[in-house]
Amino acid sequence: MPLPSVTYELFKGQGGTLGEDAFAASLRAAVSAVRDVIGCNEPQDEEDRDAYIRAVCAAVEVDEAYGASGGIGEAVASVTLGKFSASLGGSGAASPYQADMRRAVHRELVGSSLLYQGLR
């Protein structure tokens with residue numbers, strides 16, 4: 001079963017609170033984040049399909065909370081402008097955006113076959 005397209009109507013049906021423009025601005029980053037978690041897995045049944053839709057909807061909300069940025073700029077460890085320099089740690093850990101996104105996606109995919117990373 002191929003991955004479903006998540007529309008604004010599906011998003012609203014899941015309780016989404018964003019406007020259509022905000023949804024559209026965050027959808028690409030959300031789908032990418034979910035695909036990053038599920039890898040090559042495809043929905044096996046209706047429950048997997050619903051879990052995928054919920055995960056994308058949750059990821060849209062997270063991306064919007066970060067300004068529809070797709071996480072760009074979150075991994076910057078330091079910046080220097082003239083004599084001014086600032087460091088944000090750069091410990092190699094996941095950025096807050098990435099951590100929040102993975103947490104939201106995993107929360108919606110738990111119990112589905114989409115998290116399975118073994119051999120088939």
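How are α2 and α4 oriented to each other: roughly parallel or roughly perpendicular? The points below take this up, together with the rest of the model, which is a predicted one.

1. Helices α2 and α4. The two pack with their axes 10 Å apart and at an angle of about 70°. Angles from 65 to 115 degrees count as roughly perpendicular, and α2 and α4 are therefore roughly perpendicular to each other. Their crossing is right-handed. On the α2 side the contact is made by A29, A33, V34, D36, V37 and I38, and on the α4 side by Y97, M101, R102, V105, H106 and L109. Sorted by class, the contact of α2 with α4 has 9 nonpolar residues, 1 polar and 2 charged.

2. Helices α3 and α4. Here the axes come within 8 Å and cross at roughly 155°. Since angles over 145 degrees count as roughly antiparallel, α3 and α4 are therefore roughly antiparallel to each other. The crossing in which α3 passes α4 is right-handed. From α3 the contact takes in A51, Y52, R54, A55, A58, A59, V62 and D63; from α4 it takes in Y97, D100, M101, A104, V105, R107, E108 and L109. By class, the contact of α3 with α4 divides into 11 nonpolar and 5 charged residues, with no polar ones.

3. Residues of α4 in both contacts. Y97, M101, V105 and L109 are listed where α4 meets α3. Helix α4 spans residues 96-109.

4. E108. This residue lies in helix α4. Is E108 buried or exposed? With a relative accessibility of 19%, E108 counts as buried, the cut-off for that class being under 20%. If neighbours within four places in sequence are left aside, the contacts of E108 are A51, R54, A55 and A58. A51, R54, A55 and A58 are among the α3 residues that meet α4.

5. Aromatic pairs, F11 and F23. How many aromatic pairs does a search of the whole structure find? The search finds 4. In one of them, F11 and F23, the ring centres are 5.0 Å apart and the planes stand at 35°, so the pair is tilted. F11 belongs to helix α1 (residues 8-13) and F23 to helix α2 (residues 20-38), so the pair ties together parts that are 12 residues apart in sequence. Both F11 and F23 are buried. Ring pairs also bring in Y8, which forms a cluster with F11 and F23.

6. Aromatic pair Y66 and Y97. This pair is edge-to-face, with 5.2 Å from centre to centre and 85° between the planes. Y66 sits in the loop between α3 (46-65) and β1 (78-81), while Y97 is in helix α4, so the pair ties together parts that are 31 residues apart in sequence.

7. A68. A68 is in the loop between α3 and β1, the loop that also holds Y66. Most residues other than glycine have a negative phi. The phi of A68 is positive, near 50°. A68 counts as partly exposed, at 28% relative accessibility.

8. Y116. Where is Y116 placed? Y116 is in the segment after α4. Its relative accessible area is 41%, which makes Y116 partly exposed. The C-alpha atom of Y116 is separated by 7.7 Å from that of I38, and the two residues are 78 apart along the chain.

9. The chain as a whole. The protein chain has 4 helices and 2 strands, in the sequence order α-α-α-β-β-α. Of its 120 residues, 31% count as buried. Among contacts between residues at least 6 apart in sequence, 71% join residues at least 24 apart.

Notes
Residues are numbered from 1 along each chain as its sequence is written. This is a predicted model: local features need pLDDT of at least 70, side-chain atom pairs count only at pLDDT 80 or more; totals for chains, interfaces and linings use all residues. Side-chain values use heavy atoms; hydrogens and water are left out. Rings of Phe, Tyr and Trp (its six-membered ring) pair if their centres lie within 6.5 Å; planes under 30 degrees apart count as stacked, over 60 as edge-to-face and the rest as tilted. Buried means under 20% relative accessible area, exposed over 50%, partly exposed in between (1.4 Å probe, protein chains only). Axes are lines fitted to C-alpha atoms, for helices over the stretch in contact, and angles run from 0 to 180 degrees between N-to-C directions. Angles under 35 degrees count as roughly parallel, over 145 as roughly antiparallel, 65 to 115 as roughly perpendicular and the rest as oblique. A crossing is left-handed if the near helix is turned anticlockwise from the far one by less than a right angle, and right-handed if clockwise. Contact means heavy atoms within 4.5 Å. Ala, Val, Leu, Ile, Met, Phe, Trp, Tyr, Cys and Pro count as nonpolar, Asp, Glu, Lys and Arg as charged, and the others, Gly among them, as polar.
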